[in-house]
Amino acid sequence: MDVGIDRLGFYTPKKYIDIVELAEARDVDPNKFTIGIGQSKQAVPDVYQDAVTMAAEAADKVLDDDNRNDIGLVIVGTESSVDESKATSAFLMDLLDLPEDVRAFEIKEACYGATAGLQMAYNFVAMNPDKKALVIASDIARYGIKTPGEVTQGAGAVSMIVSQNPHILKLDNKSVYMSRNVGDFWRPTFSKTAFARGKYSNEIYVEFFTTLWKRFQEKYDMTAEDFDTMLFHIPYTKMGMKALRTLDGQIPAAHYDKLVEHYQKSIEFSRNVGNLYTGSLYLGLISYLVNGNVQPDEKLMLFSYGSGAVGEIYSAEVVAGFDKYLDSEFIKEELNNRQKISVPDYETIFSEELENAGITKLEDVHDKFYLSEIKESERLYKKVN
Ligand code: HMG
């Protein structure tokens, strides 16, 4: 029985800043940000948005009357959750009219959370073929104003419905993974912004990739030529390229050039959104499926990396006719119809938050799901009807 991704949805906030304007405001050569880091635009979440509202937005795009009642598992991968106790998935139950006979919980391991969720969903559906799983990656990447990480911020969510006989991507149960206690990136519970040893984090990312890629080839007796495309976790678009470059000179040049060409298609959306943390790899998948010249039955390698750190390489196969199940035009339209805001306006939004006893004014809301108020320190959410 084939199990994999049946539907894929994506949401990013409607506001963004231009990276050249950010560079100018920070007195940095814009080429450093656009070429050295590889970003063009950065999503800016509004004050009424968080991991819950973005997860709801993304999931709303893939749920319908046909699949909603088949869902038996809901997993949200996030490292920007709003509560130390209550899972993001609990807030989604009524926002998304989900059936009560589901296991709904949250997974945290930096940018690896959604991959852990996807692998659990695979096992769940393999054991319960009549059921489906909803896996959501939702995060706000925040490093702080004027920090080296500022250019690598971003926000958004990706949703996936995992089922038997999937219409988008078949997972083939080939996977290698590793975990190690690493101090490359962390966010203590008192802090809204992350701390990173930036250059060290880049080194660990590449080391995890090279180690896992060697193990994958040994375990399955496969090489890079068995894959048409390699997708990477994309904290900024140059990062995956640093990993891919380790294959330059190690594999036939024509195949390396093809992998680079496909990689360029996979980063188009991230370049215009920024880091989604745990959703980044899956935004890369969406970007490749929407923008690439994807052949039916194409073989993909996916590299997931979460600081702290866990890495995993797994493989998958594109399902012929996947394009009928992915609303490419809608995704492109949503990205094109966002509003550019100035760097000072972004700095203002960055410093604002809804206080306890605060209420969001409906006229300020430009999305379907929003944080409506905080009452007795409890966050309450609503859907615009
Ligand atoms: P930095 O120190 O500002 O930048 O930090 P830099 O000096 O390293 O320069 C960056 C690149 O720009 C370099 O290229 C420069 O040569 C180039 P590279 O050597 O890397 O190829 N450059 C220029 N290019 C063209 N024209 C110019 C110019 N000037 C310089 N004029 C850093 C960069 C990414 C470290 C920083 O932004 C940061 O700390 N970001 C956050 C951490 C991060 O994203 N790490 C990635 C790996 S860890 C990961 O992926 C997990 C994560 O997603 C978290 C999670 O798992 O939850 C982060």
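Helices (H or I, at least four residues) and strands (E, at least two) are DSSP runs, numbered from the N terminus. This is a predicted model, in which local features need pLDDT of at least 70 and side-chain atom pairs pLDDT 80 or more, while totals for chains, interfaces and linings use all residues. Residues are numbered from 1 along each chain as its sequence is written, and side-chain values use heavy atoms, without hydrogens or water.

**Exercise 1. Describe the shell around the ligand.**

Step 1. The ligand is surrounded by 29 residues. The closest are Glu79, Cys111, Pro148, Lys238 and Lys242.

Step 2. Sort the shell by residue class: 12 are nonpolar, 11 polar and 6 charged. Here Ala, Val, Leu, Ile, Met, Phe, Trp, Tyr, Cys and Pro count as nonpolar, Asp, Glu, Lys and Arg as charged, and the others, Gly among them, as polar.

Step 3. Sort the shell by element. The largest share, 5 residues, comes from α6.

**Exercise 2. List side-chain polar contacts of the ligand and state how much of its area is covered.**

Step 1. A polar contact is a pair of N or O atoms within 3.5 Å.

Step 2. Take the ligand oxygen atoms and the N or O atoms of side chains:

- glutamate 79, at 2.5 Å
- lysine 32, at 2.8 Å
- histidine 233, at 2.9 Å

Step 3. Taken alone, the ligand exposes 1,100 Å², and the protein buries 76% of that. Areas come from the Shrake-Rupley method with a 1.4 Å probe.

**Exercise 3. Locate two backbone features.**

Step 1. Glycine 308 and alanine 309 are joined by a cis peptide bond with omega of about 5 degrees. Alanine 309 is in the loop between β12 and β13 (310–318).

Step 2. Lysine 146 is not a glycine, yet its phi is positive, at about 65 degrees. Lysine 146 lies in the loop between β6 (132–141) and β7 (154–164).

Technical notes. A residue is near a molecule or strand if one of its heavy atoms lies within 4 Å of it. A polar contact is a pair of N or O atoms within 3.5 Å; within protein, one must be able to donate a hydrogen and the other to accept it, and residues adjacent in sequence count only if both atoms are side-chain atoms.
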